[in-house]
Amino acid sequence: MANVELSGVEKRFGANRIIHGVDLNIEDGEFVVFVGPSGCGKSTLLRLIAGLESISAGELRIQGERVNELPPKDRGVGMVFQSYALYPHMNVFDNMAFGLKLAGGGKEEVRQRVMETAKILQLEELMGRKPKELSGGQRQRVAIGRAMAREPDILLFDEPLSNLDAALRVRMRVEIARLHERLKSTMVYVTHDQIEAMTLADKIVVLSAGRIEQVGSPRELFERPVNKFVAGFIGSPKMNFFEVRLVATGAHTVVEGAGIQRLELPFETGALAVGDSVTLGIRPEHLKLEPAGTDAGFVVGNVEYLGNEAYVYLIANGARASLEEDPPVCRTEVDTGLKRGDRVNLVPDIERIQLFGPDDRALARRENRVDSPARAAL
Amino acid sequence: MTEAMSSIESPNRSGGPPRGRATRVRRQRVRAAWLFLSPMLIGLALVAGWPLLRTLWFSFTDAELNDLAAARWIGFENYLLYEDGIWYGVLADPDWWNAVGNTLYFTAVSVSLEVVLGVIVALVLNAKFRGRTLVRAAMLIPWAIPTVVSAQMWAWMLNDQFGILNHALMVLGVLDAPLAWTADANLSMWAVIMVDVWKTTPFVALLVLAALQMLPSDCYEAAEVDGIHPVRVFFRVTLPLITPALLVAVIFRVLDGLRIFDLVYVLTSNSASTMTMSVYARQQLVEFQDVGYGSAASTLLFLVISLIAVIYLYLGRRQLGVSR
Amino acid sequence: MSANVASRSRPRRDALAPLKRALCRLGFWCLVLVLGIYAVFPFYYAIITSLKPSSALFDVSFWIQSFDLSNYRSLFAQPTFVRSIFNSVLVAVCVVFLALLLALTAAYALGRVRFRGRGAVLVIVLGVSMFPQIAVLSGLFEVIRWLGLYNTPWALVLSYTIFTLPFTVWVLTTFMRQLPHELEEAAIMDGATPWVTLTRVFLPLMWPAMATTGLLAFIAAWNEFLFALTFTLTDSQRTVPVAIALISGGSQYELPWGPIMAASVVVTVPLVVLVVIFQRRIVSGLTAGAVKG
């Protein structure tokens, strides 16, 4: 078990900077998930910790000790690869024993250690099989077992579930969570799947273009994103964003926008002035739809029926649906009776609204609750 | 998800090495790479690099086979020397120029025939028919037979008195009298070409076949839907698409053709009408024991081949550059 | 191809279409037949010649008429011929092992590690494969004499690396590149050095490629003539191709065609068997070597 500290870590390929000065603390026993869109550098960051890539600048410490120049085997890390990367010509036992043997373990000692690991992962029955004789889930377990066999302080996972089908992915996710509970070792996990991130992580690190956008618990990230990127990235369907204008600041912050009526919100506007444009964010599940007349703000577009719920896509009244932009969407019960062309007003949950300044940073919520009407029409 | 850069061997997009300090793993790998390469490099230096340099050196000396150590520097005399109103040296030797002519003639004719025949064979093998594997195996047989053996087999078939070719042609009424295929100065080059084409067409065919099997089938389906004649499809679609593979086959065959030795040596001996550059050089080197002179001829052959290889690589690169 | 196209071609309102298609079919099969015969006939003819008694040698015939093993008997009665077969096997096997050994480590370096000078090494390898053998003949002769290998099979083992090594390096590099990256990274995480990775992770996966290249190297070494002719002197040190070539001593009319054909068959049969068994491998090896990967 160990903690990991990154300070000012950079990675360059030639003049191309992939990771820009990352500072991060991973506590002992924590389950940390790196999440972000393709090419954001999350895998690279993991590989820097593993030692598969060299660190261009900054420092990486494990248990307080600088490990920048240490080869992977001396860092006390184990890694699970996306494609499993099991040695095809070795059976399960040899796959798991390979690292231990190379480390110079005695025959009996190696056997014992491998069998212990196998027991935890319920692999005992499979020890004599070759990787090609295993199912996807079994291969995944063997890959985890191989990474665990050398009893590393830190386990690294590089998108370990992305090669599995949906059902198996859910099962393995649960299994990994259980494993973490049991081993209590530090785990760092890379994924682009936010559900994996939300369900597994003690701490999520959201990355974008080689920078950390936000670090926090899943709940923090969901409820208090620090900027528009995190707000849009976490949550599905995506958070709705509306461009609005400040019409009053100071004691009462009031906004107004195209298709959106005056709305008083409990936010600090700081240095912003009346007339500045800000972004209003509200998640699809925090919206209600109310039938309205010709003065309605929105018209119903598509209705997607998902069985236990429905997504209602909206078009601003008088505007034309554009393929370029994400339309506002509302997550509702299935029996609202809404259909294409219906005119509606949006009723957001004021408590759940987020405001983002022109720099895309979230505006602070006012602590003392404003007793505005619980429901307001947009 | 493909983060293309994620590998230890991350390509440096900008060309330069990463400026950060490499990990120990990386340094260890580069050191290991050179260590791993060294046996091969030493091997190549021993059998190719050093001997080539020595050959070059010998070509400027009067070295003789039985006493190479006694070689003395004589400058360009092996290549060209003007003395008492007469030109000496390889470049003034009509036999050498005859060998050059023969080699070029042989290479041009046999490679052209091999390419045409190779494409035909490849088209046949690309069709799906029963017994295709068998025919393909049969095609590989000429390729696998040692050159010396194929020379002997053909020498027997081409035998002027008892050869089956003369027999067959006379039975068919094509010939009135048997021909001395390998001995007749007018025919022997054609005999050599015939055997070479027989032996190496499979190689060309296999390369072309590999290219054919990688062609996208939708082009053909589109052409078929449009009702375009198969011959037109071949020239408009197939041929342009297999040209790169064809060029590879051609360069391999041209370089092989230019250095041909064993077939000519066994089939027609040292006859002047088929003597190639390699045969000429070896005759000087070994039979006449004149290492200096023979090395000069070898060096010239080497220069010709390098020149062609360089031109080819240059053109190949330029073509790649255009298509990119 | 033509059968393919013919059979697939769109039905037209043309009364002659079935006839045309039948003709195409017929033409195609004739072509296949001609090509097959053309490829195999010389070998076939060598076999039937070798089975004739010397009295019937000069009766031209297309079919097998006798089954007389006297040519083979007289061939194997010559100790030098048996010896030359032994030499050929020895040389070819040693060349294959030497080339594969040197090429395997080199291919790992060239295929899996990025380092400065890698391109240059690849160009050198490619360049050497284009060398005309005659260009190194005199220099190599000197090296071989200096090493004391003249007129021994070891001279050939050494000199054959000039054409087997570049080729094996090239093909193995291509194969090595296709092995997944993550496999090697897993080995690194397990603490494997490059040598361990190569021998314990990659080598077991390389056997098919090694078999293919080894086979091609074997055929090339088995067939070589120029070096074998130049670097050996006495009958007991020769390889089979040289032995066969030198049976033709005196004038054309006195050539012992029966034994020559018998020897040709003996030398070729193992190759033909190899080719027929491993044709798929050979084809893939040849194309991998030629189409740059």
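**View 1. Strands β11 and β12 of chain A in an antiparallel pair.** Four bridges join strand β11 (residues 240-248) of chain A to strand β12 (residues 253-257) of chain A in the antiparallel sense; strands pair if DSSP finds at least two bridges between them. Strands (E, at least two residues) and helices (H or I, at least four) are DSSP runs, numbered from the N terminus. Opposite A:V254 in β12(A) stands A:A248. The model is predicted: local features need pLDDT of at least 70 and side-chain atom pairs count only at pLDDT 80 or more, whereas totals for chains, interfaces and linings use all residues. Residues are numbered from 1 along each chain as its sequence is written, and chains are lettered from A and ligands numbered from 1 in the order in which they are written.

**View 2. The open five-stranded sheet of chain A.** The strand order is β13-β12-β11-β14-β20 (chain A), with antiparallel pairing. Strands β13 (260-265) and β20 (354-356) of chain A form the edges, each pairing on one side only. From one strand to the next, the twist averages 35°, angles running from 0 to 180 degrees between N-to-C directions of axes, which are lines fitted to C-alpha atoms, for helices over the stretch in contact.

View 3. A residue is buried if 20 or more other C-beta atoms lie within 10 Å of its own, exposed if 12 or fewer, and partly exposed in between, with C-beta atoms placed from the backbone. The buried residues of α2(A) are A:V92, A:F93, A:N95, A:M96, A:A97, A:F98, A:G99 and A:L100. Their cover includes α3 (107-120) and α4 (136-149) of chain A. Just after α2(A), A:G104 adopts a positive phi of about 90°.

**View 4. The contact between chains B and C.** On the chain C side, 84 residues are in contact with 85 residues of chain B; contact requires C-beta atoms, placed from the backbone, to lie within 7 Å. Helix α2 (residues 17-50) of chain C gives the largest share of the chain C side, 11 residues. That side comprises 60 nonpolar, 18 polar and six charged residues. Here Ala, Val, Leu, Ile, Met, Phe, Trp, Tyr, Cys and Pro count as nonpolar, Asp, Glu, Lys and Arg as charged, and the others, Gly among them, as polar.

**View 5. Helix α4 of chain B packed with helix α12 of chain C.** The axes of α4 (residues 147-157) of chain B and α12 (residues 257-277) of chain C are 10 Å apart, at an angle of about 145°. From α4(B), the contact uses B:V149, B:Q152, B:M153 and B:W156, and from α12(C) it uses C:W257, C:I260, C:M261, C:S264, C:V267 and C:T268. By class, seven of these residues are nonpolar, three are polar and none is charged.

**View 6. C:A103 in the largest nonpolar core.** This core has 270 residues, and those with the most contacts inside it are A:L156, B:V208 and C:A103. A nonpolar core is a set of buried Ala, Val, Leu, Ile, Met, Phe, Trp, Tyr and Cys residues joined through C-beta atoms within 7 Å. Apart from neighbours within four places in sequence, C:A103 is in contact with B:M40, C:L165, C:T168, C:V169 and C:L172.

Notes:
Two residues are in contact if their C-beta atoms, placed from the backbone, lie within 7 Å.
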